[in-house]
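Thanks for coming, everyone. Please look at the screen, and I will walk you through one protein.

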Amino acid sequence: DEAIDTRIVFGLMLGGVIVAPFAAWLVSRLEAAVLGTLVGTLIVVVNLRTLLVVNDVPGPARLAVLLGVTSLGALALLRVHHALRTQDRVPVPA
C-alpha cells in the first residue's frame, strides 16, 4: 500500500479555498452556455494533452493539435456569445 502524501492533500485543499470565491463570482456573472463552452473546451484540451503525451506524439505535433482544438473551442465560444446577443434583441414594432 502506498500512503497518501498529506502535503498534496493540503495543497489541493488550500488551492480550493483560494479559488472558490473567484469561481463563485465567475459563475454568477457568466451565462450558463458560455461557462459550459469554456469548461468543456478546457476538459477536452487537458484530456487530449494527456492522450497525446501517453501516445508519444512529438512536441510540435502535440502543440499543433492542442492549438487547433483550442481554436475550435474559441470559435464555439464566439458562436455562443453571438447567439446569446441576438437572442436578447427585441424586435421593434413597425
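Start with V45. At 17% relative accessibility, V45 counts as buried, because buried means under 20% relative accessible area, with exposed over 50% and partly exposed in between (1.4 Å probe, protein chains only). This is a predicted model, where local features need pLDDT of at least 70, side-chain atom pairs count only at pLDDT 80 or more, and totals for chains, interfaces and linings use all residues. Residues are numbered from 1 along each chain as its sequence is written, and side-chain values use heavy atoms, with hydrogens and water left out.

Where does V45 sit? Its place is in helix α2. Helices here are DSSP runs (H or I, at least four residues), strands are E runs of at least two, and both are numbered from the N terminus.

What does V45 touch? Contact means heavy atoms within 4.5 Å. Leave aside the neighbours within four places in sequence, and V45 is in contact with L66, V69 and T70. Take T70. V45 and T70 are 25 residues apart in sequence, yet their C-alpha atoms are 6.9 Å apart in space.

Now the whole of α2, residues 32–54. Its buried residues are V34, T37, T41, V45 and L52. They pack against α3. Look at the spacing with this rule in mind. An α-helix has 3.6 residues a turn, so residues three or four places apart point the same way.

Next, length. The expected span of a helix is 1.5 Å times one less than its number of residues. For the 23 residues of α2 that gives 33 Å, and the end C-alpha atoms are 33 Å apart, so the two agree.

Over to α3, residues 59–87. With 29 residues, α3 should span 42 Å, and its end C-alpha atoms are 42 Å apart, so this agrees as well. The buried residues of α3 are L66, G73, V80 and L84. What covers them includes α2.

Between α2 and α3 there is a loop, and D56 lies in it. Phi of D56 is near 55°, a positive value in a residue other than glycine. Most residues other than glycine have a negative phi. Is D56 buried or exposed? At 66% relative accessibility, D56 counts as exposed.

That leaves α1, residues 6–29, which holds I18. I18 has 58% relative accessibility, so I18 counts as exposed. L14, I18, V19, F22 and W25 make a nonpolar surface patch of about 540 Å². Patches are made of residues with over 30% relative accessible area and no salt bridge; like charges are joined within 9 Å, nonpolar side chains (Val, Leu, Ile, Met, Phe, Trp, Tyr) within 5 Å.

How many salt bridges are there? A search of the whole structure finds 1. A salt bridge is a side-chain nitrogen of Lys or Arg within 4 Å of a carboxyl oxygen of Asp or Glu. Here R7 pairs with D5, the closest N and O atoms being 3.1 Å apart. R7 is exposed, because its relative accessibility is 65%. D5, at 30%, counts as partly exposed.

Finally, step back. The protein has 3 helices and 0 strands. The C-alpha trace spans about 75 × 35 × 20 Å along its principal axes. A compact globule of 94 residues would have a radius of gyration near 12 Å, but this protein has 19 Å. That radius is taken over C-alpha atoms, and the globule rule is 2.2 Å times the number of residues to the power 0.38. Buried residues make up 10% of the 94.

How values were computed. Areas by Shrake-Rupley, 256 points an atom, 1.4 Å probe, with all protein chains shown as cover.
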